[in-house]
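Biologist: I am new to this one, so please take a close look at the interface for me. I would like to follow it step by step.

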Number of protein chains: 2
Amino acid sequence: MTPPDRSEDATEDARVGRTRADVSRAAFQILTTEGADALTHAHVAEVAGYSKTTLYTHWPARVELLILALDGLGDMPHREPTGDLRADLIGELQMFRQAVTEFRLDQILSVMAQWASVDEMAQIRDRINTDAQRPIRGMLSTAFAGPELEAAVSMLAGSVACPTLMFGSLPDDDVLAAAVDVLLRGVPSKRGRSTRPDSKTAET
Amino acid sequence: MTPPDRSEDATEDARVGRTRADVSRAAFQILTTEGADALTHAHVAEVAGYSKTTLYTHWPARVELLILALDGLGDMPHREPTGDLRADLIGELQMFRQAVTEFRLDQILSVMAQWASVDEMAQIRDRINTDAQRPIRGMLSTAFAGPELEAAVSMLAGSVACPTLMFGSLPDDDVLAAAVDVLLRGVPSKRGRSTRPDSKTAET
């Protein structure tokens, strides 16, 4: 629907697009290296090489800077599955742990939770976390179903996220392997993985 | 060691203590009802009924307001254990979920993670989270040891914390019960809870 002779608008669009990309890159860098609190208009303007006025004109609210920063996150890295469920689950947890270190995923998770009352942020958070959990959910869906599948996904995510967010410490390899082993021993027998007839005795 | 005639200082100390208690209460209320970003000097001053100058004099940095707010958190509520491990674990997870709603624990967890580079905040976070996990850790230590105990504590905490922090949604009762059931089926056999001889087959 754009008239072919509006080349000035096209140039203007390209310029805004470039500014947006520059600012997004700077905001992502600040978020992942200095943390969410350093993500101010003044500091992003300085790092991106634009004036504060330019930033305030296009993105007046601070949450818009956070959203721009999250644009730079891209897709989470995942491992190619080998078919060995235990090894694949441990591998995914190790990738999650690595992303915490590389992208300060702890900062990103907590800032997304904190700003989730802003609708656009809640949507971005849901998309990022759904993408991040997809491989683990897919693998676990071969062994668990219903509420147990929901629980199992959160439990494995928690084996990395809880030490990180609650104590600022990354879990060792043996803790990640232990989480997967506990979970796989807990696979329900009706799906052919547990042969234990008395699994209810642990509940008494 | 205080000389008995320094009553002016004593009065001054009492006054500062009262101010601190008032400001702490106001900061806690703001954090748990409006979120971390509303916790500014201006807003805390307004709610507590003091001047901004008073606040800036005693607590110049924003992180100090956050620390004051966390003073108001007190101890997490816990359930009296009944001796039924399954019921006690589910009960603790329900208390954790309730605290998320009542105290906006999602906001508190994420703000503590975000400011953990400040040493005093890291210490407060470790203390609050250690206290919060203590009952679950105690119960699980009857069934798990070593890395599996670390993993199991994080996995149960994750069953509440992950949906909350990653998707802003609280887990249903059936998901909490499922988490406990999966975990209890995964109790290692050498400790007399699992009679399954082939627990390693799930790993292949």
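Predicted model: local features only at pLDDT ≥ 70, side-chain atom pairs only at ≥ 80, totals over all residues.

Residues are numbered from 1 along each chain as its sequence is written, chains are lettered from A and ligands numbered from 1 in the order in which they are written, and side-chain values use heavy atoms, with hydrogens and water left out.

Now to the interface. With contact taken as heavy atoms within 4.5 Å, 58 residues of chain B touch 58 residues of chain A. The copies meet through the same surface, because 100% of the interface residues of chain B are also interface residues in chain A. Together the chains bury about 5,100 Å², 57% of it on carbon and sulfur atoms; buried area is the accessible area (1.4 Å probe) that two parts lose on being put together, summed over both.

Two salt bridges link chain B and chain A, each a side-chain nitrogen of Lys or Arg within 4 Å of a carboxyl oxygen of Asp or Glu. One salt bridge joins the side chains of A:Arg185 and B:Glu148, at 2.8 Å from N to O.

Which elements give two or more residues to the side of chain B that touches chain A? They are helices H5 (85-103), H6 (105-114), H7 (119-140), H8 (146-167) and H9 (173-185) of chain B, helices being DSSP runs (H or I, at least four residues) numbered from the N terminus. H8(B) gives the most to this side, with 16 residues.
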